[in-house]
Amino acid sequence: MKRYKAYRLTLGWQILIGLILGVIFGVIFYKNNTAITAMQNIGTMFINLIQMIVLPIVVSCLTVGIASMGDIKKLGRVGLKTIIYFELMTTIAIALGMIVANVLHPGTLIDIHSLHGSDISQYMATAKTAQHTGIWGTLLGIIPTNIFRSLANGDMMPVIFFSVFFGLGIAAIGEKGKILIDALNAVAEVMFKVTNWVMHAAPIGVCALIGVALAEMGIGALIPLGYFVAIAYVTMTAFILVIMGIVAKIFGFSIFDLLLVIKDEIVLAFSTASSEAVLPKMIEKMGKFGSSQGIVSFVIPTGYTFNLDGSAIYQSIAALFLAQAYHINLSIGQQITLLVVLMITSKGMAGVPGASFVVLLATISTIGVPVTGLTFIAGIDRIVDMGRTAVNVVGNSLATVVIGKSEKEFDEVKSKKYIATFKK
């Protein structure tokens, strides 16, 4: 007798179905507070499950990776390359967004006073706190005074800082440190196994998160700002296929191979609008893609703070969109100033809740746009956030390959074998 293997949908298809069902539920339960509360809680539970496993994976993988490097000079070189690469890509992303906004003029077609405003008080409070601390406060915040408090608060950069030094310390004591490396490797393997279990809940989490977003704002909120949303998405897509595609070509691989490998993570990041939702799987997959564990474990978590290409594109388009809507004509000099301000504020606000929106709050006043203007695009921020999160994820995966190849710590044979498994 022939045995027929039961057909199972891949995780990517399951998440896509969850996304579609979420849209349907969002339309059906528009302004239904009971359904909104239920979906909000289910979505929050899924995000909490992900956050539960993120830091143990970052600490274990990064510490072991740095210990395997064992050379502070090499670490310094990798760190410098990574930060320069992040800054270059972010600057290109901002410049591209500004060019597109200048060519297509999304704001001139909008009557800003006819739009319905949304509450942005939570962002205002965050912006005031973030501006008060400034860049120096951000830099000081990287150094933890209590690593256990940083772990409890989920502060990524202090945890990375500690893990780097912990890894270097393990390398410095030689043989005695091997027991810690073995223990941390075991922790990483356990957490990757837990990640695979948690991912089974992803379609439900996606359905709930999409559903609550649409149930709260409704499809109608998208119609007046549809052109702005479309321009943002087209620009982000062009950035991935053209700019990132060129970078990939320069370093001897295809951006489409990378997109094929991380397609499930792109869909999940898009659906949840949360980069953290895919961080554990990204660390696992990019290691299998060919980059060394040390490179992957350092570049991806750092990129979550410093390499937000999708956010940079959105911020530049949104700033010029609002300026055009208020009929504020910006000179070339003013736009260059805007670019510089966005570069600085995006780093100073990194890691704060709703960072992209908070950056806009801190930036638009420099070009004469009233802060009240942001209330008109706050309603569709969640929809655009989905796209910019997906771009951020692709950008960080690309960075691991670029840095890995530049350091000659990229296994081409391993990479080709891994890519082949996705082409079957």
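These legends describe close-up views of a predicted model.

**View 1. The largest nonpolar core and its most connected members.** This core holds 123 residues, and Ile 377 and Leu 398 touch the most other members. Helix α2, covering residues 33-69, gives the most to this core, contributing 13 residues. Another core lies apart from it and has six residues, including Ala 35, Ala 208, Val 212 and Ala 215.

**View 2. The surroundings of Ile 377.** When neighbours within four places in sequence are set aside, the contacts of Ile 377 include the aromatic residues Tyr 314, Phe 321 and Phe 357. Leu 225, Ala 318, Leu 322 and Leu 360 are also in contact with Ile 377.

**View 3. Met 244 in helix α9.** Met 244 sits in helix α9, which runs over residues 226-250. Met 244 counts as buried because its relative accessibility is 0%, and the cut-off for buried is under 20%. Ile 255 is 11 residues from Met 244 in sequence, and their C-alpha atoms are 7.0 Å apart. With neighbours within four places in sequence left out, Met 244 is in contact with Ile 255 and also with Met 89, Phe 239 and Asp 309. Further contacts of Met 244 are Val 391, Val 394, Gly 395 and Leu 398.

View 4. Helix α17 comprises 26 residues, 381-406. At 1.5 Å a residue the helix should span 38 Å, which agrees with the 36 Å between its end C-alpha atoms. Of the 26 residues of α17, 24 are buried, so the helix is largely enclosed by the rest of the structure. Lys 408 follows α17 and has a positive phi, near 55 degrees.

Note on methods: Residues numbered from 1 in each chain as written. Predicted model: local features only at pLDDT ≥ 70, side-chain atom pairs only at ≥ 80, totals over all residues. Heavy atoms only, no water. Core = buried A, V, L, I, M, F, W, Y, C linked by side-chain atoms within 4.5 Å. Buried < 20%, exposed > 50% of the residue type's maximum accessible area, 1.4 Å probe, protein only. Helix = DSSP H or I, 4+ residues; strand = E, 2+ residues; numbered from the N terminus. Contact = heavy atoms within 4.5 Å. Expected span 1.5 Å × (residues − 1).
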